[in-house]
2 protein chains.
Amino acid sequence: LLEKFFSPSAVAIIGASDKEGKVGTAILRNLIQSNYQGQIYPINPKYQELFGFKCYQSVLDIPEKVKIDLAVIIIPAPFVPHTLKECGQRGIKAVVIISAGFKEIGGEGAKLELELEKILRQYQIRVIGPNCLGMINTHAYLNITFSANTPLRGNISFFSQSGALCTAILDLAEREGVGFSKFVSLGNRVDVTECELLQVWQHDDETKVVLGYLEGVEKGEKFIEVVREFTQKKPLIILKSGDTSAGSKAASSHTGTLAGSGKAYQSVFKQCGVLRANSIEELYDYGISFAQQPLPSGSKVGVVTNAGGPGIMAVDACEKLGLEVTSFEEKTIKRLKEVLPSASNFYNPVDMLGDAQAEVYEKTLQILSEDSYVDSLLIILTPQAMTPIREIARRIVKVTEGVGKTILGCFLGGARVREGINELKKGNIPNFSSPERAAKVLQGMVTYQNWLKKGTSTFPKLPPLKKQLIKRALQKVSREKRVTLTEGETKEILKTVGFCLPESQIVQTAEEAARVASQIGYPVVLKIASPDILHKSDIGGVRVDLRSEDEVRDAFEAMLVRVKRFFPEAELQGVNVQRYILKGKEVIIGMSRDAQFGPLIMFGLGGVYVEVLKDISFRVAPLSLEDAREMVEEISAYPLLVGIRGEKRVNIEEIVTSLFRVSQLGLTFPEILELDINPLKVSEEGGVVLDARAVIKEK
Amino acid sequence: LLEKFFSPSAVAIIGASDKEGKVGTAILRNLIQSNYQGQIYPINPKYQELFGFKCYQSVLDIPEKVKIDLAVIIIPAPFVPHTLKECGQRGIKAVVIISAGFKEIGGEGAKLELELEKILRQYQIRVIGPNCLGMINTHAYLNITFSANTPLRGNISFFSQSGALCTAILDLAEREGVGFSKFVSLGNRVDVTECELLQVWQHDDETKVVLGYLEGVEKGEKFIEVVREFTQKKPLIILKSGDTSAGSKAASSHTGTLAGSGKAYQSVFKQCGVLRANSIEELYDYGISFAQQPLPSGSKVGVVTNAGGPGIMAVDACEKLGLEVTSFEEKTIKRLKEVLPSASNFYNPVDMLGDAQAEVYEKTLQILSEDSYVDSLLIILTPQAMTPIREIARRIVKVTEGVGKTILGCFLGGARVREGINELKKGNIPNFSSPERAAKVLQGMVTYQNWLKKGTSTFPKLPPLKKQLIKRALQKVSREKRVTLTEGETKEILKTVGFCLPESQIVQTAEEAARVASQIGYPVVLKIASPDILHKSDIGGVRVDLRSEDEVRDAFEAMLVRVKRFFPEAELQGVNVQRYILKGKEVIIGMSRDAQFGPLIMFGLGGVYVEVLKDISFRVAPLSLEDAREMVEEISAYPLLVGIRGEKRVNIEEIVTSLFRVSQLGLTFPEILELDINPLKVSEEGGVVLDARAVIKEK
């Protein structure tokens with residue numbers, strides 16, 4: 001249905017004008033000047049005619065036989081609902097609302113926007129906006145924005161949640177001569193969001209790559225689904241703002257404190273194959289490169305230069321970003337020695353020296369293009385005294401055309417290199433103002449290639465949960481007007497989903513503690529059991545490695561004294577006597593609930609690794625097999641799990657399975673807000689939950 | 001003396017020409033066209049006259065009464081030594097050698113360069129080059145480069161170890177209209193290096209900031225001394241390449257493996273207040289900003305924008321870089337509410353909305369300029385339909401002039417914002433193509449301001465070393481044709497410089513071990529003592545926490561069996577019985593010797609923190625008080641030393657003192673190549689060396 005937006009056969013411009021400085025004038029003029037081939041119907045009761053087009057009082061006045069595919073509304077906000085209704089009555093199914101004065105101003109505006117929503121549902125109209133800059137489809141000669149710039153034709157499509165950013169990007173694109181395919185300012189997104197656009201553009205032959213600017217996503221689950229599918233077909237690069245200021249809400253669990261919405265987006269992008277741009281420039285660099293160049297088949301980069309310094313900079317940048325500054329085939333080096341002066345560097349980076357002429361560039365690139373170890377070529381030029389810049393650019397284009405490798409230019413300088421850069425541009429070779437920018441783009445392209453190679457994500461088949469049992473346990477807590485589950489309650493739930501617990505028992509007296517400890521076997525741990533005490537160890541509520549009846553008795557008494565002193569009001573359920581498990585490594589598995597994306601799963605090594613070093617990984621549920629493995633491997637302390645210095649490898653599969661269990665639990669029970677398994681003790685054989693807690697929604 | 005280079009009253013151009021495409025032509029023409037006010041003496045036996053100037057056979061033919069301050073040599077390399085000698089005979093004290101064909105081509109070229117060195121010493125000539133692009137001083141109308149571009153006048157000085165990069169920077173500067181003061185291509189640095197330039201430019205009123213491109217430094221100690229002094233006066237920004245590929249030599253100690261030359265440069269820059277640019281663009285951004293704007297007095301940034309999105313991006317970027325997105329004074333917010341529309345954001349970032357006119361910008365900036373919580377202002381503009389870009393730029397310049405805050409522009413777009421950017425430029429306000437670039441510059445300026453606030457570094461007075469004792473110990477190892485010191489030997493040296501050692505004794509039998517252990521007191525550690533076994537614990541050569549005579553005896557026997565199996569040839573000095581110290585945290589202090597900068601000191605927490613997490617800090621000796629404290633505080637695990645969750649703080653002063661001791665040892669004994677104290681056990685009270693090793697130079 002959205003296709004009507006992009007290729008309408010007739011457009012009504014409601015609020016068209018011919019007064020200078022009016023948005024209605026700018027849009028009508030842009031539409032005319034963009035050479036639109038369909039019919040144009042200006043609507044404005046004040047005019048009979050506008051720019052030679054007959055002007056109508058309302059869309060209802062347009063002759064019935066005319067099929068209006070798209071209407072653009074540019075009138076003051078209070079009149080928009082009525083006009084939208086008329087569009088509905090007239091059978092118009094696609095409307096772009098430019099007008100501002102809705103949700104973004106709050107109060108009355110928000111009410112007006114709710115009205116729009118009702119009307120568009122009633123008449124089944126799809127709406128872009130309100131409060132937007134409009135949209136462009138260069139392939140349909142359609143520009144219904146009030147921007148001063150119309151972009152060239154190209155194969156980059158763009159959506160933005162900020163209209164202002166659209167104007168900046170269009171202005172930049174004009175200067176750089178970059179073409180776009182579709183260009184949409186989303187505004188308040190009363191109806192159409194980035195998701196619908198991606199679903200359409202996925203099948204759009206005129207779109208090779210999509211760029212987007214995002215401030216936030218509303219339906220997280222749908223976003224994940226749509227994007228995951230999209231990136232299997234085309235690259236999607238997103239500039240996301242609002243990372244640091246958000247997620248600062250205080251939260252009571254580790255996972256909650258460490259998560260924050262920035263982490264959720266970061267995770268979702270990783271899980272869905274989205275490349276993230278860190279600035280407007282990076283967004284732009286990615287856009288032109290994906291649009292113009294083939295993907296590199298691997299991470300091996302060849303660098304060619306007429307200046308040593310920038311060559312080294314390129315190598316530094318590539319290595320820092322994890323690209324491989326490749327070795328060449330032997331025959332390559334032999335051939336290079338035949339064509340380059342003897343003082344050249346024949347290895348990577350190939351330094352052809354300062355007086356390199358066009359032919360030297362051509363021959364060198366010819367040779368490197370035929371080297372199977374080279375996936376991409378970064379071609380550097382500095383404007384030295386005798387450098388025939390334009391001719392070199394021409395030869396670069398000629399010799400690299402169709403070689404199936406990614407070719408990026410790095411002509412450094414200003415006025416003198418401009419003509420060369422233009423030649424590269426004509427030959428679809430993007431140029432970057434520094435080796436670092438070029439390397440960053442290459443890294444992104446390799447990352448996307450690796451994403452494609454991984455194929456679609458596989459989700460594990462998990463055994464069904466014992467829903468009734470868990471439900472009842474959660475309801476019991478709610479009935480007692482609590483939101484925090486005790487260690488015991490949390491562990492019971494974890495047990496039902498398959499986790500192992502250490503042998504343990506709650507006791508009331510020191511004698512009982514000693515007896516139970518002897519039954520369980522030494523060493524044991526004592527832990528205070530109280531719904532009111534969250535950080536047990538902070539107040540001496542945990543004693544580990546107790547090795548005899550006497551130690552257990554003493555610890556019990558001392559613990560009660562301390563706890564009563566610090567928390568005289570706390571409800572005590574007793575003291576938990578638990579087998580003390582020495583073998584294995586402590587890991588933390590946590591879940592917190594993100595407002596947009598739902599359960600956000602955390603993993604890290606226990607203790608200081610999480611608390612001090614923040615060495616943790618995140619993914620959004622549901623986790624694919626790849627997600628779970630990656631989140632274990634991604635932490636810096638991963639070598640400790642695999643075993644260093646002769647230590648034994650812990651059971652990684654057990655960790656992966658545990659992550660799935662927590663993911664499943666979080667998805668199935670939205671009332672669970674936070675869950676910490678801290679620690680899960682994992683050895684070669686398996687894992688045991690030593691401590692855990694959970695927080696549920698208030699009833 | 002170097003001043004002759006920059007303000008000569010007469011210049012001889014040796015190898016001048018008028019043939020197109022010749023370097024001698026390009027330089028003579030540049031000198032004439034740069035409007036040089038002194039006398040010009042072209043030298044070339046083939047000409048009588050060049051461009052209207054009388055041409056001489058050699059410098060010796062110029063009338064004796066003329067004082068030639070500077071000669072430029074552009075003739076083929078083999079003739080350069082003779083010509084340089086003639087310059088010496090003629091009394092010329094400053095020579096720029098453009099000619100290539102010296103050290104950079106090796107063999108004959110290297111020999112020629114040695115000849116140059118001899119001649120310049122003999123005649124006391126200062127030489128820039130050879131193999132360079134030349135130099136420029138815009139304030140003396142002096143351009144003796146063969147570059148196609150002559151920069152505008154300005155107050156940025158630049159040196160570069162790459163001539164090609166000079167051409168690119170000059171070309172870029174011309175496009176951007178950026179001015180330079182002095183501009184020097186250093187070439188092979190047979191005589192003048194970056195150090196001499198910095199010493200001169202430190203006192204040069206026409207230089208406000210210095211940019212440099214560095215591939216390597218030769219005299220590390222001098223560099224540190226010169227730069228430390230320089231940055232107390234003016235900012236120095238360096239682009240350094242060759243970080244990743246270098247330092248990859250295998251080394252046998254932890255410190256050696258982890259150090260590498262990249263770390264040494266990184267440390268030196270930190271210790272000397274140098275800002276490091278990560279790309280040509282960053283170098284450039286820093287240059288114009290330091291040149292045109294005052295330093296911010298603190299890290300508090302105010303952001304002003306006509307578009308929400310880029311405002312959020314700016315806030316994200318600032319926060320990520322550790323800048324403070326400041327709160328405003330109450331009166332500021334009150335005043336903003338009076339001048340801005342009600343839907344604006346009156347807090348930081350101030351969003352004046354898309355239709356903000358010039359007056360709105362002016363009033364808003366007026367108000368924020370008067371807010372004492374604002375140290376710098378980041379002013380964003382997107383080219384929206386009704387934005388009077390040029391007028392806004394004019395008002396920005398007008399209202400922020402002389403307010404004493406750092407003002408950076410961020411006009412986003414291309415052609416439409418160009419005129420605005422030009423207006424800003426005229427008013428000395430630099431503009432950046434993204435909020436991220438502007439934020440990065442601000443961070444650098446704040447870092448430099450903090451460096452100035454710290455003042456000159458203070459170096460601790462250390463007690464004198466017992467040099468003779470240490471010398472003898474090292475000589476003994478050398479005499480035995482060893483390079484590795486045993487644990488015992490290393491510890492003895494550490495003891496003489498003030499380190500504490502645990503009680504310990506080397507024993508030969510299991511019985512002796514048990515007896516000594518009982519004397520020392522349990523628990524104890526056994527460690528194999530052999531100069532041939534470096535990684536003792538890997539082969540079972542260390543047993544800890546032994547608690548009885550029996551355990552000691554068993555451990556002794558088992559250890560000998562294992563060691564003899566793995567190292568049948570190893571010379572055994574016995575087994576070390578040592579008190580096992582439980583209290584405290586294990587840290588590592590190491591020293592490795594950098595080829596350029598000498599002793600590079602390393603600090604980290606013991607075990608996995610260093611080996612797996614690479615959580616370490618480096619500084620070059622001698623350490624200032626600030627250096628030592630910073631290197632302790634800089635590691636991520638620092639909170640563990642201060643004590644988390646009720647643990648006791650370790651003695652940080654003891655660590656700092658230990659760092660000084662190692663620094664002093666490294667400086668005093670250049671024959672010590674590597675030293676590892678791993679671990680030093682530090683508690684509240686003090687530190688004890690549990691294990692240590694050292695490597696010395698081969699004789």
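Modeller: Ser147(A) lies in the loop between strand 9 (142–145) and strand 10 (152–153) of chain A; helices (H or I, at least four residues) and strands (E, at least two) are DSSP runs numbered from the N terminus. This is a predicted model, in which local features need pLDDT of at least 70 and side-chain atom pairs count only at pLDDT 80 or more, while totals for chains, interfaces and linings use all residues. Residues are numbered from 1 along each chain as its sequence is written, chains are lettered from A and ligands numbered from 1 in the order in which they are written, and side-chain values use heavy atoms, with hydrogens and water left out.

Biologist: Why is Ser147(A) called buried?

Modeller: Its relative accessible area is 5%. Buried means under 20%, exposed over 50%, and partly exposed in between (1.4 Å probe, protein chains only), so Ser147(A) is buried.

Biologist: What does the side chain of Ser147(A) reach, and which residues is Ser147(A) in contact with?

Modeller: The side chain reaches the backbone nitrogen of Asn149(A) at 2.9 Å. A polar contact is a pair of N or O atoms within 3.5 Å; within protein, one must be able to donate a hydrogen and the other to accept it, and residues adjacent in sequence count only if both atoms are side-chain atoms. Neighbours within four places in sequence aside, Ser147(A) is in contact (heavy atoms within 4.5 Å) with Asn30(A), Leu133(A) and Leu170(A).

Biologist: What makes Asn428(A) partly exposed?

Modeller: The relative accessible area of Asn428(A) is 40%, and therefore the residue is partly exposed. Asn428(A) is found in the loop between helix 15 (415–426) and helix 16 (435–454) of chain A, with a positive phi near 60°.

Biologist: How do you know that Glu281(B) and Arg437(A) form a salt bridge?

Modeller: Their side chains meet at 2.9 Å, N to O. The definition asks for a side-chain nitrogen of Lys or Arg within 4 Å of a carboxyl oxygen of Asp or Glu, so the pair qualifies. Between chain B and chain A the count is two salt bridges.

Biologist: What is the buried area between chain B and chain A?

Modeller: The two chains bury about 5,100 Å², 61% of it on carbon and sulfur atoms. Buried area is the accessible area (1.4 Å probe) that two parts lose on being put together, summed over both. The contact takes 69 residues from chain B and 71 residues from chain A.

Biologist: Which residues have the most contacts inside the largest nonpolar core?

Modeller: They are Ile13(A) and Ile13(B), in a core of 222 residues. A nonpolar core is a set of buried Ala, Val, Leu, Ile, Met, Phe, Trp, Tyr and Cys residues joined through side-chain atoms within 4.5 Å. Apart from it lies another core, of 94 residues, including Ile635(A) and Met631(B).

Biologist: Where are the cis peptide bonds that join Asn348(A) to Pro349(A) and Asn678(B) to Pro679(B)?

Modeller: Pro349(A) is in the loop between helix 12 (330–339) and strand 19 (350–351) of chain A, and omega of its bond is near 0°. Pro679(B) is in strand 30 (residues 672–682) of chain B, with omega about 5°.
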